[in-house]
Structure formats: C-alpha cells, structure tokens
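Hi,

Here is the structure I said I'd pass on.

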Amino acid sequence: MEVEEMNERSEPRVWTKEKARITLPVRKNSGHKGTYGTGLLLAGSADMPGAALLSGVGALRSGIGKLVIGTDKEVIAHAVSAIPEATYLSDGLQKAGDGSVELHDYKAIAAGPGIEPNDRTEKAIQMILKTTCPVILDAGALSERSYEMRDAPTILTPHPGEFSRITGLEVKEIQENRALAASEWAMKWEVTIVLKGNETVIAFPDGETWINATGDGALAKGGTGDTLTGIMLGMMCCHEDWRHAVLNAVHLHGACAKKWTLTRSAHTLLAHEICDLLPEVWKSYE
C-alpha cells in the first residue's frame, strides 16, 4: 500500500456516545447463556492473581453467556469466592499450549493479564491463534510475532511501552502520532490495535481508525487494562459485529472513569471499581 493511501485511510474519526448507543446489543428475553457464547480468559498467575479477578469480573459484567477462566491452581482458590459465576480451567495456560483443551469451542478468547511473556505463554498463544474465533491479546501475551495465518479477528491491546517492545519503535515516536503508528502496524500485521492512553486509538487492519472520546487520568493505574481486556471479551461474545464490540468496550471503560470523576477525585479510582460503575453507565445508553 502506498504511503499517501495509507495516511488517507488512517485519518482517525471519533467514536462518540451516539455511535456507541446505537451499536450496543439488545438483550433479548428469549435468549439464554448459549445465545451469548462462552469465552475463555487466560489470565493471572501466582505473583499476579488479581489480574484474573479484574479481567474476569469485566467479562462477566459485559454480556458474556459463560466465562471459563484458565489460570494457575493457586489463583483459583482465591478467585472462586470473588467470582463464583465463572468456571475454571486449572493450569489453563499450560493446557492451552499442550493441546489438551479444545480451544475451538469458544466464541472468543482473551489472554495476557497477569501472565509472563515466556516460552509457556508463547506455546499457548500459538495454539490460540490457530482457532477461528476472535482473539484478544494483552500484557504478557503481547510479543513480536506474525499473525499471517489468521483469518479471524486478532486484537492487540498495548499501552505505549508494550507497543514499543513489540514494534521496536521508541515511545516518543509512538506518542508523537499515535493514530498513524497504530494504523500502520495494524495494516502491516493484519490485526486490530487498541493503543491505550489519553484518547485511546483503535486501528483496524483495513486502515479504519477511531479515537475514543471517553476516559481520563483516573485510568492511569495498574489493573485498569486488565479490566478492559475482560470487558472486551464479554462484549465480543454478545455483539454481532466484533468491531463494535472492540469500540464499545473501550468507550464504556472510559465512560466509567468519567462517571467516577464527576463526583470523586481522579486520584482515587481503583481498577475493580470500573466494573462497579459499568451497570449504571451502560444503562444510561439504553
């Protein structure tokens, strides 16, 4: 693709509240948990068990029919009391990597929060990428790799530091033109890139690029990205259009932060409180 064509196609637009309102799914009374799909979340480790909780609650709050959390055995003991609605796959990362779990049964898969980018993780990611469902990769699941074999949607959700690590670009270079950087690499890798930060950029593999209109400094805390991954997984399972799922997940995640700062200091938001706010925020769009 010529540079001039790429720059023209990557000119970002703003994903507004009205766009989110008309594209959010309607929950049908005739539906059941199978209607809204089963999602797999590979998250959490002995050193970072909270990541499984944050992303797990995010998924369950976001319309998913059924959630399976694949995590280390040590994490499950802590997670069950906090998230009794989920089912659990012990040593899920290991099992995904050695092929002992049927990954093709899931409507969508998310991986990365609270896991390390090591050989075990890479084996699991390579198996996940062989599926035909949407895949969301965050945090420890983000590494420099090829996605050429995939026909299904692949969504990467890096912050600028992670984006620098997987592209080789300097953070300063990324931040100087976030939309262009995200768009160029989305088209190069044929993936969707959600470049987190002030005015999060959502760049699709065909060059379509959006700027999120919500969010503020309250999100500048550990764990908020884990929550976003979970919300995106949940929305991927209940939206008919996967692009709308990505855009609306980012939008409502930011809208929760905006709701918090209407009456409270941005300094004080905790990541798990995003999901406490989500039911009221989402209702305001219906």
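Apart from neighbours within four places in sequence, S62 is in contact (heavy atoms within 4.5 Å) with I231, G234, M235, C238, L278 and W282. S62 sits in the loop between α3 and β3 (66-71); helices (H or I, at least four residues) and strands (E, at least two) are DSSP runs, numbered from the N terminus. S62 counts as buried because its relative accessibility is 0% (buried means under 20% relative accessible area, with a 1.4 Å probe and protein chains only).

Before going on: this is a predicted model, where local features need pLDDT of at least 70, side-chain atom pairs count only at pLDDT 80 or more, and totals for chains, interfaces and linings use all residues. Residues are numbered from 1 along each chain as its sequence is written, and side-chain values use heavy atoms, leaving out hydrogens and water.

Now the helices. α10 (residues 224-238) packs against α12 (residues 271-283) at about 40°, with the axes 8 Å apart (axes are lines fitted to C-alpha atoms over the stretch in contact, and angles run from 0 to 180 degrees between N-to-C directions). On the α10 side T224, T227, I231 and M235 take part, and they meet A271, I274, C275, L278 and W282 of α12.

α3 (residues 50-60) also meets α10: their axes come within 6 Å and cross at roughly 35°. A51, L54, S55, G58 and A59 of α3 touch D226, T227, G230, I231, L233 and G234 of α10.

Cheers

How values were computed
Buried means under 20% relative accessible area, exposed over 50%, partly exposed in between (1.4 Å probe, protein chains only).
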